[in-house]
Amino acid sequence: TLDAFDGIGGWVAAPSDGVSMTLSPARGESGGALRVDFDFRGRAGWAASRKPFPLAMPENWAFSVRLRGEAGPQTLEFKLLDATGAPNTSQDIRVTV
């Protein structure tokens with residue numbers, strides 16, 4: 001388990017200018033969860049939740065994520081950053097929800 005979400009320590013809300021965003025702890029399906037509330041206020045933008053996890057990825061890896069929410073059509077991006085903070089674009093995952 002990468003994060004058990006028994007708290008939200010280390011998670012940071014990083015929205016684009018003009019976007020309102022808050023993070024709070026929530027109940028998940030079987031334990032804790034991270035609640036993300038956002039409001040684009042009728043304009044384009046993004047709302048990112050970030051937390052550093054200093055670990056080396058094995059050659060074969062997988063992440064499992066459960067989502068629940070209410071919003072209009074959005075694009076969910078799961079990005080892995082290298083040690084410099086640059087996105088590893090070969091491992092970006094996009095899911096339209």
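1. In these notes a residue is called buried when its relative accessible area is under 20%, exposed when it is over 50%, and partly exposed in between, with a 1.4 Å probe and protein chains only. The model is a predicted one, in which local features need pLDDT of at least 70 and side-chain atom pairs count only at pLDDT 80 or more, whereas totals for chains, interfaces and linings use all residues. Residues are numbered from 1 along each chain as its sequence is written, and side-chain values use heavy atoms, with hydrogens and water left out.

2. The structure holds 4 salt bridges, a salt bridge being a side-chain nitrogen of Lys or Arg within 4 Å of a carboxyl oxygen of Asp or Glu. One of them joins the side chains of E29 and R66, at 3.2 Å from N to O. This pair links distant parts of the chain, 37 residues apart, with E29 in the loop between β2 and β3 and R66 in the loop between β4 and β5; strands are DSSP runs (E, at least two residues), numbered from the N terminus. R66 is exposed because its relative accessible area is 65%, and E29 is likewise exposed, at 64%.

3. K51 and D3 also meet through their side chains in a salt bridge, at 2.9 Å from N to O. Here too the partners lie in distant parts of the chain, 48 residues apart, K51 in the loop between β4 and β5 and D3 in the segment before β1. K51 is partly exposed, with a relative accessible area of 25%, while D3 counts as buried at 15%.

4. A further salt bridge is formed by the side chains of D37 and R35, at 2.8 Å from N to O. D37 is partly exposed, at 28% relative accessible area, and R35 also counts as partly exposed, at 44%.

5. Two residues other than glycine deserve a look at their backbone: F5 has a positive phi near 55°, and R41 has a positive phi near 55°.

6. S16, in the loop between β1 and β2 (20-28), is buried, since its relative accessible area is 12%. Leaving aside residues up to four places away in sequence, S16 touches G45 and W46, where contact means heavy atoms within 4.5 Å.

Notes: Helices (H or I, at least four residues) and strands (E, at least two) are DSSP runs, numbered from the N terminus.
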